[in-house]
Amino acid sequence: MPQRVRGVIAPGKGEPVRIETVVVPDPGPGEAVVQVQACGVCHTDLHYREGGINDDFPFLLGHEAAGIVETVGDGVTEVAPGDFVILNWRAVCGQCRACLRGRPQYCFNTHNARQKMALEDGTELSPALGIGAFAEKTLVAAGQCTKVDPAASPAAAGLLGCGVMAGLGAAVNTGGVSRGDTVAVIGCGGVGNAAIMGARLAGASRIIAVDIDDSKLATALRLGATHTVNSRSGGDPVEAVRELTGGNGADVVIEAVGRPETYRQAFYARDLAGTVVLVGVPTPEMTLELPLLDVFGRGGSLKSSWYGDCLPSRDFPMLIDLYLQGRLDLDAFVSETIGLDDVEAAFARMQRGEVLRSVVLF
Ligand code: APR
Ligand code: ZN
Ligand code: ZN
């Protein structure tokens, strides 16, 4: 029997979100219905609402979530009813060239649930990032569910489904930060601060936080930065990073803003043979000109990090273990817990930079 639940819908380009009744079908083959317990409010949800991702309105927003598997369809072996799971954006195929070469992060054939959730009048919904978890229940592909230790708080666990994983993974997976490395993080919002936590976890010696906002830098210090640079009031951040690294530049620099000037700073703030990791998402019109001799002469690598290069089945349970042992403070990212009715107001607080994460609890 299809179920009727409350969900947060983005009805059209730039229109405020509203709560509607969502019809959730029973899971088909390879699918699961998850009872959502917590879902973080992410910039990407706002981008969907503004039409910045695609025009497939109406959207069912929410994608940074944890919950309990309620029912599964035929052939599902990954999870069972009652499992506590973190949701990820897409199930991988296991058979394409990327999957077979051990790089399922770049799978060519990812999928979500094949059935659609809909409004009561039959209008099909597009779930944000194939999830749609600002709803009491949601339908996903079973491969989008990763079972983790149920002792974790749902609000903290859900954050691994997007922003925190993106930042932490940029440092640990993409950047390969290792013990003793010097690390600079440019942009200390939710993503940059998660990168700082990742760098600390990996044993970085110096972690230099760069931002234009002192309150963000204060948070960065709390989460593990060893030095801060205000790039609005404190002079050239590239020089500041060099000074703090014995004149060399950092071994790994993570850009978590998404602007040409900060990409440039990241490029020049690294040591010879260092690694630059680009996490901030640029807009289509942004370009950056660099002297080729600087690219050639500095060696090292320039990488982008997509979803923190994570493997959910490897990374989510491991990070939840670290959290439960007190070695990864995911709770520090939860600025406030809110109800489903408060998502629109939470977007405004996010835009004003007042919160790391607002999390909807069910
Ligand atoms: N130099 C340094 N920091 C800056 C600059 C700048 N020129 N401009 C903005 N910032 C800082 C802001 O003060 C803020 O602390 O960058 C941070 C951005 O944080 P958020 O807006 O909270 O964004 P976040 O969710 O962390 O995402 C950052 O990563 O995944 C991508 O799409 C995401 O492009 C976005 C980026
Ligand atoms: Zn594949
Ligand atoms: Zn997100």
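Strand 3 (residues 31–40) and strand 5 (residues 64–72) run antiparallel and are joined by eight bridges. Helices (H or I, at least four residues) and strands (E, at least two) are DSSP runs, numbered from the N terminus. Two strands pair if DSSP finds at least two bridges between them. This is a predicted model, in which local features need pLDDT of at least 70, side-chain atom pairs count only at pLDDT 80 or more, and totals for chains, interfaces and linings use all residues. Residues are numbered from 1 along each chain as its sequence is written, while chains are lettered from A and ligands numbered from 1 in the order in which they are written.

**Strand pairing**

Strand 5 also pairs with strand 6 (residues 84–87), again antiparallel, through three bridges. Elsewhere, strand 1 (residues 3–10) meets strand 4 (residues 59–60). Strands of a sheet pair through backbone hydrogen bonds, either parallel or antiparallel. The table gives one bridge for each pairing.

| Strands | Bridges, direction | One residue pair |
|---|---|---|
| 3 and 5 | eight, antiparallel | Cys39 and Ala65 |
| 5 and 6 | three, antiparallel | Ala66 and Ile86 |
| 1 and 4 | two, antiparallel | Ile9 and Leu60 |

**Around ligand 1**

Ligand 1 is surrounded by 25 residues. A residue counts if its C-beta atom, placed from the backbone, lies within 6 Å of the ligand. The closest are Gly187, Gly189, Val191, Gly258 and Gly280. Two or more shell residues come from each of helix 4 (163–174), helix 5 (190–201), strand 12 (206–211) and helix 8 (260–269). Helix 5 gives the largest share, three residues. By class, the shell holds 10 nonpolar, 10 polar and five charged residues. Here Ala, Val, Leu, Ile, Met, Phe, Trp, Tyr, Cys and Pro count as nonpolar, Asp, Glu, Lys and Arg as charged, and the others, Gly among them, as polar.

**Overall build**

The protein has 11 helices and 18 strands. Its radius of gyration is 20 Å, close to the 21 Å from the globule rule for 362 residues, so the protein is as compact as a globular protein of that length. That radius is taken over C-alpha atoms, and the rule is 2.2 Å times the number of residues to the power 0.38. The C-alpha trace spans about 65 × 40 × 40 Å along its principal axes. Of the 362 residues, 51% are buried (20 or more other C-beta atoms within 10 Å of the residue's own, all placed from the backbone).

Technical notes:
A residue is buried if 20 or more other C-beta atoms lie within 10 Å of its own, exposed if 12 or fewer, and partly exposed in between; C-beta atoms are placed from the backbone.
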